[in-house]
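I opened the notebook to look up a few local features.

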Amino acid sequence: MQVESWRQRSGLYVVLIAAVLQGWALYALHIALRDDLQITNWIVFPALYVLAVFTPLTLQLLAQYAQRPFMWLLVLGLSAVFFAVAWHQSSLRLPGVGPSFPFNTLVPAAAALTLLWLHALPFMQARLLRGRWRPRYPDLFAASWRNVLVLLEAAVFTLALWALLFLCAQLFVLLDIDFFRELFREPLFIYPISALTFGLAIHLIGSLDRIVSVVLDQVLSLFKWLGLVAGLILMIFSVALLTRLPQLVATGTRTIGAHWLLWLVALTVLLLNAAWRDGGVLNPYPRVLGNALRCAVPLLLPVALIALFSLVVRADTYGLTVQRVWGFVVAAIALAYALGYFLAALRGGQWLASLGSTNVAVALAFMVLMLLFLTPPLSPQRLTASSQYARVLAAVNDRAAGEALRTLRFETGTYGREKLQELQRLVEHPRAQSIRAEATRMLTLGEGDRFGRPVATSPAQMDASLDALRIYPSGRKLDASLRAALRNQELAVFLRDDRWVGLFLNVNDTPAEEFVILSPYLSLLFRQAGDVWEKADASFAAIGIEHWDSTIAALALGEVSAQPTQWQDLHIGALTLPVARPASR
């Protein structure tokens, strides 16, 4: 009894010390970032943020093992790995360009680190609990769900405290006393109090282990019934998908959105585990419903395969991006789960009992993949830079290479800069001169040019862009008056994106013809008055990037029509673009 009491007190001391240090560390980093101190220019700065967040949380969740030196070694090892990963990610930022804190690089990495942390913690807890590296699945399951539940409850507790503090401040404002409102707005108060409250909540919730188990049991008991709904959705969608798939693959005009398919796999896997739990519940459903779910589970495999195929098609057409690389990681994990569950469903007897080995194997593989993709061996930025470099060399003209060059400049960090520098030295290529010039221009762009900030465009550059513009119907040309009208709009965006086309048509039942510039993001309508072209007051709605490939395919087939209104809507294939009329004056 005395040993247990001392363990609880020592655990509380660890939690309090970690919370206090975390609060002051986050406050110090906030001041450094706010005041633009010299530390914000260091590669080490994001790594310090990672340590300030993850190391104290790890100590708080492992505080009950504070008397074991091995616990401190585990925390030290995890902190070192996370520090190295954050160091690598921040080192990708191009020096002297853009914000000091590289959000576009570190936010995806932070999400990946969080998932890695949530996967690694249960293995650490199981090792400390049993004293061996080969964990028991019930220990892993209990630790995984318990960690998530404790963190969520601690977050709710912290938010509740801030709601009370906000109420306190508002009450005193009614009396013309602003002291508390001003105090609660100060970072010096926010960071230490939030960290201390969160840490105390973790300790208080963890000390009520029986209550946590009861709450977890209630949550899983509810979620398991959603597993039946997920299975029903899986069956219905799979039937509909398989009937449409041959047409979608044959036409090649559209690919299935991989992210929604992956969400279906992920939620189904989560809810199946809520039903099976730690293996102690072999028959969580009535027999008929259990058999129906068992028949639905194999359908996860074709869904995961189609998601992977969709990513492959997109990558083959447009090259790799950082987002697509992470998409491939998620698709690979989803496929591993789907294959394991597929094999489990085919086995006789208690098929759910096979889920545990799949879960452990996939979790270990996931951690290895995260470490590889968050560090140089399989860095998404490095893979993307190599892919987009190849795209530049394979492009048939400068416009086709433009998007790849912009990806190299703005999304791949130092890897992209190295590839652009290689392109500056390019010699043995039919378009070597233009590629060298454009690579040099990309290296001079600032962070403000990331999203196509307008730049000065020479008449020669504009003429070159208009010459490369795809015109429909095939064979039509831009006359001098129309070219002048387009130049007057200063469409420098032609130099930034090849997703622009021109279309001659008649939309208002007059002998005069119209010309519309189309892109996924906006459209511009020009009308002819005698021999002069001018921009019209009305235009069409944006197509949307998700419809762009099918729109181009329909334009190539001549599937364009207009339906009568005062201004006729535009029909391209199955897509309808209503006229976006100007506001009344």
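The model is predicted.

**Entry: a cis peptide.** I looked up the bond between tyrosine 472 and proline 473. This peptide bond is cis, with omega about -5°. Next I asked where proline 473 sits. I placed proline 473 in the loop between β1 (470-472) and α19 (480-488).

**Entry: a positive phi.** I checked aspartate 176. Its phi is positive, about 60°, although the residue is not a glycine. I found aspartate 176 in the loop that runs between α5 (137-173) and α6 (179-185). Is aspartate 176 buried or exposed? The relative accessible area is 71%, and exposed means over 50%, so aspartate 176 counts as exposed.

**Entry: a helix pair.** I turned to α9 (residues 258-276) and α12 (residues 322-346). Their axes come within 10 Å. The crossing angle is roughly 45°. I therefore call α9 and α12 oblique to each other. α9 passes α12 in a left-handed crossing.

Which residues of α9 meet α12? From α9 I listed Leu262, Val265, Val269, Leu272 and Asn273. Across from them, α12 contributes Gly327, Val330, Ala331, Ala334, Tyr337 and Tyr341. By class, I noted nine nonpolar and two polar residues in the contact of α9 with α12. No charged residues take part in this contact.

Terms used: Residues are numbered from 1 along each chain as its sequence is written. This is a predicted model: local features need pLDDT of at least 70, side-chain atom pairs count only at pLDDT 80 or more; totals for chains, interfaces and linings use all residues. Side-chain values use heavy atoms; hydrogens and water are left out. Axes are lines fitted to C-alpha atoms, for helices over the stretch in contact, and angles run from 0 to 180 degrees between N-to-C directions. Helices (H or I, at least four residues) and strands (E, at least two) are DSSP runs, numbered from the N terminus. Angles under 35 degrees count as roughly parallel, over 145 as roughly antiparallel, 65 to 115 as roughly perpendicular and the rest as oblique. A crossing is left-handed if the near helix is turned anticlockwise from the far one by less than a right angle, and right-handed if clockwise. Contact means heavy atoms within 4.5 Å. Ala, Val, Leu, Ile, Met, Phe, Trp, Tyr, Cys and Pro count as nonpolar, Asp, Glu, Lys and Arg as charged, and the others, Gly among them, as polar. Buried means under 20% relative accessible area, exposed over 50%, partly exposed in between (1.4 Å probe, protein chains only).
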